[in-house]
Amino acid sequence: MNTARPPHTTPTPARSWFRQPAMALTLGLLAAAVSPAWAAGHSNFLKVDGRLIRNQNGTGDAVYLRGVNLGGWQVHEKWMSPLEGVSDDYNMRKTLSQRFGDSGRDALIAAYQDTYLQEKDFIRLSDLGMSAVRLPIYYLNHMNEDGSWRLDDKGKPDLRRIEWVVKMAKKYRLYVILDLHGAPGSQNGADHSGKIGGSGELWNNATYQSQTLNFWRTVAQRFKDESTVAGYDLLNEPSTNYPGAATREVLEMYDRIYDEIRTVDPNHIIFMEGIWDWNAITPPSEFGWKNVSYSFHYYNWGNDSNYESQKAFTDGKVADEQDHAWYNVPHHVGEFNLFSLQSSWEYALKRYNEAGWHWTSWTYKGTNIGNWALYNHTNASANTPNVATDSYATIESKWRNWDVELNMAPNTMLNTVFKNALTGSNSLIRNLPYEGTWAAKKKLQSQNFYTQQGVSYDSNGIGFFDGGDWIRYTSLDFGSKGLDRLRMRLAVDPAYAGQKIEVRLDSTSGPVVGTVTVPNTGGWTTYQAFTFPIQATTGVHDVFLVGKGGSGIANIDWLAFARATR
């Protein structure tokens with residue numbers, strides 16, 4: 001809900017605990033200590049349930065994977081990436097090795113990747129309300145061309161770049177779809193596979209096929225227990241006659257990879273691409289596939305500024321999916337673009353959401369590629385190295401200029417459209433940074449809610465918390481001895497102070513264990529920590545903060561529970 005007050009902003013630097021007397025607290029106490037509602041904890045792990053994807057290992061709430069591709073990070077595409085002097089990523093690596101040795105090549109690529117994607121980028125994506133990112137992977141970041149693994153400092157296959165993305169995604173409440181964008185030998189011969197040429201060498205080369213199976217088996221072994229990984233997208237736009245549709249040969253390769261993954265990971269979702277249309281892929285029952293989602297890429301080329309054409313294209317894809325509802329699998333739009341018109345974007349995302357689809361647009365960053373990217377470089381040509389002729393120092397310097405804060409400008413239209421499609425009534429159940437239960441005594445950042453109604457949020461906390469709004473925190477463990485204090489760090493303008501927050505257990509109409517009357521802190525960005533008594537509570541509960549009053553109840557930084565006597 002909108003109010004006239006400023007939006008939630010970054011809390012003041014001091015974040016340490018400090019106690020003040022409980023202030024203006026109206027208790028809604030029950031006669032006895034509140035006992036646990038259930039003992040089971042939360043699980044972020046996703047599985048397919050018919051046409052839905054659910055958390056709690058497939059038995060919980062429906063989760064919709066919506067966000068963006070992290071394109072251009074692991075594999076360069078010249079039309080959108082800072083690369084000149086060679087045709088593709090494969091030849092970039094060859095050229096850098098010839099000029100500077102393998103160690104020099106690796107150091108330059110690391111300089112680029114360290115800059116291009118940082119923690120601050122995940123904050124931006126999370127703040128838009130996204131629930132997922134799709135990570136395009138080029139195998140040469142992790143394997144050598146002969147199929148041997150590049151090793152980390154412990155002598156294990158080097159998957160540190162992928163592990164770092166998963167770590168950042170978990171921290172900022174995003175799921176990750178791992179996408180093999182460039183397979184050994186190339187699965188389509190296009191620039192985005194890393195190596196241009198024909199329709200790729202994967203299909204006619206048993207060695208490359210074996211390397212691909214090895215890649216996926218090793219990745220699945222590493223991430224089999226990681227719930228932040230939504231699943232594995234086996235091959236990006238695989239085709240024996242690219243850009244022709246997937247054929248039987250492709251489906252049979254899917255089946256081989258599926259079997260390879262299932263030997264080590266029976267649980268993660270496997271994404272299989274029909275590429276452009278449903279008629280290119282058979283129902284999963286034909287191969288006996290379980291826990292799979294089908295993925296498609298939607299581009300209505302040549303009609304960039306034609307709203308009616310884009311609208312008809314989107315409607316056609318919705319109808320196509322409905323015609324194949326009997327496949328009984330979730331629908332993921334792994335890549336898409338609506339090109340020039342804001343109205344085309346708004347219409348498509350509205351239809352995608354109404355249809356219950358999962359979607360990840362192409363792409364997050366680009367050189368200067370307009371509505372292909374959420375962020376574009378402000379001086380791309382001056383910061384695109386020629387890897388065949390520029391000096392080592394020049395290449396490094398230019399690649400270190402792809403920091404989102406220094407040289408990238410947001411695509412205001414796209415960011416607005418995405419924010420609207422991902423927040424408010426379109427808000428999503430997202431990944432949580434914990435599995436099982438959360439110790440209620442431990443400080444919980446307010447933005448790490450499970451679900452909410454009405455509030456605004458970003459990576460700093462909760463704002464625009466008004467009467468009628470609520471925030472749900474799941475699987476908080478109060479222990480067996482009971483906790484009877486609520487600690488909160490919050491801010492409110494003097495004109496809005498004195499409104500109330502009910503603390504309820506297990507539902508918005510559950511028992512009230514306390515009613516906080518919010519004290520004046522001196523302003524919307526002036527945060528103070530307070531301790532309030534609540535009814536002694538034990539066991540595992542969902543906690544609901546329910547706004548009572550008018551607009552502008554409080555901005556909230558964090559909360560935690562404690563026991564008065566120790």
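I first searched the whole structure, which is a predicted model, and the search returned 36 salt bridges. One group of residues, made up of Arg134, Asp179, Asp233, Glu273 and Glu335, is linked in a network of such bridges.

I then looked up some pairs one by one. Lys398 forms a salt bridge with Asp390, with 3.5 Å between the closest N and O atoms, and Asp390 counts as buried because its relative accessibility is 17%, where buried means under 20%. For Arg400 and Glu396 I noted a salt bridge with the closest N and O atoms 3.2 Å apart; Arg400 is partly exposed at 41% relative accessibility, and Glu396 is partly exposed at 25%.

Next I turned to the part that UniProt, in an unreviewed entry, lists as "domain: CBM6", at residues 432-562. This span is 60% strand and 0% helix, and its end C-alpha atoms lie 22 Å apart. The side chains of Asp484 and Arg485 meet in a salt bridge at 3.8 Å, N to O; Asp484 is buried with a relative accessible area of 19%, whereas Arg485, at 25%, is partly exposed.

Last, I checked the confidence. The chain has a mean pLDDT of 93, and 93% of its residues reach 70 or more. Over residues 1-33 the pLDDT stays under 50, although the model has 98 contacts beyond four places in sequence for them.

Terms used: Residues numbered from 1 in each chain as written. Predicted model: local features only at pLDDT ≥ 70, side-chain atom pairs only at ≥ 80, totals over all residues. Heavy atoms only, no water. UniProt positions renumbered as here; feature names shortened; annotations may be inferred. Helix = DSSP H or I, 4+ residues; strand = E, 2+ residues; numbered from the N terminus. pLDDT = per-residue confidence, 0-100. Contact = heavy atoms within 4.5 Å. Salt bridge = Lys/Arg side-chain N within 4 Å of Asp/Glu carboxyl O. Buried < 20%, exposed > 50% of the residue type's maximum accessible area, 1.4 Å probe, protein only.
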